[in-house]
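Hi there,

Here is the structure I promised to pass on. Please have it open while you read the notes below.

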Amino acid sequence: MSDQKFIDEVNSRRTFAIISHPDAGKTTITEKVLLFGQALQRAGTVKGRGGSGQHAKSDWMEMEKERGISVTTSVMQFPYNDALVNLLDTPGHEDFSEDTYRTLTAVDSCLMVIDAAKGVEDRTRKLMEVTRLRDTPIVTFMNKLDRDIRDPMELLDEVENELNIMCAPISWPIGCGKEFKGVYHIQRDETILYQSGQGHTIQEVKIVKGLDNPDLDSAVGEELAAQLREELELVLGASNEFDRELFLSGELTPVFFGTALGNFGVDHMLDGLTAWAPAPQPRQTQERLVEAQEEKFSGFVFKIQANMDPKHRDRIAFMRICSGQYSKGMKMRHVRLGKDIAVSDAVTFMAGDRSHADEAYPGDIIGLHNHGTIQIGDTFTQGEALKFSGIPNFAPEMFRRIRLKDPLKQKQLLKGLVQLSEEGAVQVFRPLDTNDLIVGAVGVLQFDVVVARLKSEYKVEAIYEPINVATARWVDSEDPRKLDEFRRKASTNLALDGGDNLTYIAPTMVNLNLTMERYPDIQFRKTREH
Ligand code: G4P
């Protein structure tokens, strides 16, 4: 088996992403996490702040700018305690949710950030559903304690009931809003005192040991101290104790309280995450389970991003390393193409900078320069024919017909659309019976992105027309004869997607339901694995 250094490198990795509803504080907590990782001297440079954070939907330039910035921070690696942490950023705007979902397939755990004044919100619910597909372990951070928040006990109840996961509070807040005094760390049996106005620095911690310590009364006031003791009795009686096994199986989440803006409590969360979150987990392929400690290299591509840096107009394929070691110049087998390639210029992402990676380990993300030969879902190995499974494509929910202003450039248009669909920017469908091109998206912003990129990267000017499509389903059948028959009979509603997969394009939901009833031997899928 492999040497000890390799095993240690693997075991030190903690690869996670943040899930939250917009405005809950994901960007802010990312800044503070990096501050602790010593990656940034002073927090506050992750996102272009000031001005309007919200961009107008049609404002492509603004969006590109914002995207450009968030993209360079899309993978952040830093040391914390004895761990090497990889934080994978996910696009905040919901129109890029497909990217978010796929990023969640590349992590081993998630941090769920909740605005404690609001509780569980929509997008958190949706993202939690996605993490449930793989039972990803979840750490929870209740944010914005410097504001008036909801009753903490009620918040835990809401998480338990709405997200169907047990809560184990690790810390407990003392007051909130102007009266926020700090948290009592249940496991350490100590109170950590909050000082306001220290959000940009790593604070010198003030600690009161023990719950019955009279210093606690003088530090937070007798009333709040009494309230804390009373609440804790209740909480400890009514809530779950932390159990690592249940955490690892995704059934229980440790809960921390704090304020990202005030940089308070973030370190408690990081201590918990680095101690408890799993090292790189084994990954399923269609052939077998791949263990992270295996010597031979393997990885899969979960995201492709164009225009990483306006100066380099290239595409980067983000690969999660699943086993073995990447070293500069090594040969990898691009399994789908059956071709070996030498990779000398993979990139890693340290706190926003691109730097060349000389080596990387399971759990790490590397970026491969891609000139159109890499697709989402592609597997790379050191020779073995494996295919990692579980990287989803989602049925689009919005459709438009796309048409050229100059009809002579049809070939470029098709090439552009197929490439954009391969990198997951949009989905394209070519009906079997017509020459139409239909573009499908999960979020409406994708449509603007596609037209702008077609123009700048493929030199074609395209426009949209409305089209009567309600939804799409990938179709398949175990019985080739039935599939053939379906193909003939339903051809007016059938199309091929960017990867030539047969798709049913339904004008209405009623039509889809009737068709599904009529063809019970055909499977209609809402998600498709790459
Ligand atoms: P997001 O990435 O999840 O969308 O959230 P982001 O961090 O951008 O935070 C959303 C807003 O909430 C920001 O305010 C941010 O300053 C604020 N915020 C984050 N954490 C805390 C906290 O612990 N306490 C308080 N009081 N506010 C917090 P904004 O006004 O939208 O932006 P900005 O003008 O402050 O940059």
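This is a predicted model: local features need pLDDT of at least 70, side-chain atom pairs count only at pLDDT 80 or more; totals for chains, interfaces and linings use all residues.

Residues are numbered from 1 along each chain as its sequence is written, and side-chain values use heavy atoms, with hydrogens and water left out.

The whole chain

Of its 530 residues, 55% are buried, where buried means under 20% relative accessible area, exposed over 50% and partly exposed in between, with a 1.4 Å probe and protein chains only. Among the contacts with a separation of 6 or more, 71% come from residues 24 or more positions apart (contact means heavy atoms within 4.5 Å).

Helices H2 and H10

Have a look at H2 (residues 26–36) and H10 (residues 266–276), whose axes are 10 Å apart and form an angle of about 70 degrees. Axes here are lines fitted to C-alpha atoms, for helices over the stretch in contact, and angles run from 0 to 180 degrees between N-to-C directions. The two helices are therefore roughly perpendicular; that label covers 65 to 115 degrees, with under 35 being roughly parallel, over 145 roughly antiparallel and the rest oblique.

From H2, the residues in the contact are Ile-29, Lys-32, Val-33 and Phe-36, and they meet Val-266, Asp-267, Met-269 and Leu-270 of H10. Six of the residues in this contact are nonpolar, two are charged and none is polar. In these classes, Ala, Val, Leu, Ile, Met, Phe, Trp, Tyr, Cys and Pro are nonpolar, Asp, Glu, Lys and Arg are charged, and the others, including Gly, are polar. H10 is mostly covered, with nine of its eleven residues buried; among them are His-268, Leu-273 and Trp-276.

Cavities and a pocket

On a 1 Å grid over the protein atoms alone, a cavity is a set of points where a 1.4 Å probe fits but cannot get out; a pocket is an open set with protein on both sides within 12 Å along at least five of seven lines, and lining residues have an atom within 4 Å of a point. Points are joined across faces, edges and corners, and a volume is the space filled by probe spheres set on them.

Four cavities of 30 Å³ or more turn up in the whole structure. The largest cavity holds about 50 Å³, and its lining includes Arg-315, Asn-370, Glu-422 and Glu-423.

The second largest pocket has a volume of about 510 Å³. Its lining counts 27 residues, of which Asp-497, Gly-499, Asn-501, Arg-528 and Glu-529 are the closest to its centre. Strand E29 (471–476) is among the elements that supply at least two lining residues, and E29 gives the most, with three.

Most residues other than glycine have a negative phi. Asn-164, however, has a positive phi of about 55 degrees, and Asn-263 has one of about 50 degrees. Which of them is buried, and which exposed? Asn-164, in the loop between H6 and E6, is exposed at 59% relative accessible area. Asn-263, in the loop between E11 and H10, is buried at 3%.

Best wishes

Technical notes
Helices (H or I, at least four residues) and strands (E, at least two) are DSSP runs, numbered from the N terminus.
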